[in-house]
Amino acid sequence: MSIWWSLHLRREAASVPLARRLLIGTMETAGVDPDISYDLSVALSEACANAVEHGGDTGRGPGSEAYRVTAYLDGEKCRIEVADAGPGFPAAAAGRSRPPVRQAHTDAENGRGLCLIEELADHVHIGNKPGRGGAVVSFDKVLKWREDAPLMAV
């Protein structure tokens, strides 16, 4: 069974828990193992927080005040993509295939989001949207299912 959803959200802090709760609810209903659900929900929260904080450019018009979250639960994998309309990652625009992810200091309050996503997901892609600008963070993780899962992959 496959489940997917896509949200178009305002770049406001209140949108982050909304996306996280929708993901957790979807995975709980489908029967995904709670530890996997938690890992993916933390990674999603970090990606959304980055879009809220960095994903806008007032010179681009009202579209830059929103971002998109898409989640796919398909068979044995969950794939999540968060895309914004901001300036994107500068390193990727400079010709690198992806921006470098720097380790933050252990006592830092900011700068750990992309590192957390890389630790919590199995595969991560960080880059810019071709042509239109904006950042895209996508990640996936192999799912584990509860024994009583109603929508378990076969």
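Two strands count as paired if DSSP finds at least two bridges between them. Strands (E, at least two residues) and helices (H or I, at least four) are DSSP runs numbered from the N terminus.

This is a predicted model, in which local features need pLDDT of at least 70, side-chain atom pairs count only at pLDDT 80 or more, and totals for chains, interfaces and linings use all residues. Residues are numbered from 1 along each chain as its sequence is written, and side-chain values use heavy atoms, with hydrogens and water left out.

The five strands form an open sheet in the order E1-E2-E3-E5-E4, with antiparallel pairing. E1 and E4 are the edge strands, each pairing on one side only. From one strand to the next, the twist averages 10 degrees. Nine bridges join E1 to E2 in the antiparallel sense; Trp-5 has Ala-71 in E2 as its bridge partner.

Helix H2 packs on the sheet and touches E2, E3 and E5 (contact: heavy atoms within 4.5 Å). The direction of H2 makes about 180 degrees with that of E5; axes are lines fitted to C-alpha atoms, for helices over the stretch in contact, and angles run from 0 to 180 degrees between N-to-C directions.

| Element | Residues |
|---|---|
| Strand E1 | 2-10 |
| Strand E2 | 66-74 |
| Strand E3 | 77-84 |
| Strand E4 | 123-128 |
| Strand E5 | 135-142 |
| Helix H2 | 34-54 |
| Helix H4 | 113-120 |

H2 and H4 pack at an angle of about 155 degrees, with their axes 9 Å apart. H2 is therefore roughly antiparallel to H4 (over 145 degrees). Residues making this contact include Val-42 and Ala-43 of H2 and Leu-116 and Ile-117 of H4.

Note on methods: Angles under 35 degrees count as roughly parallel, over 145 as roughly antiparallel, 65 to 115 as roughly perpendicular and the rest as oblique.
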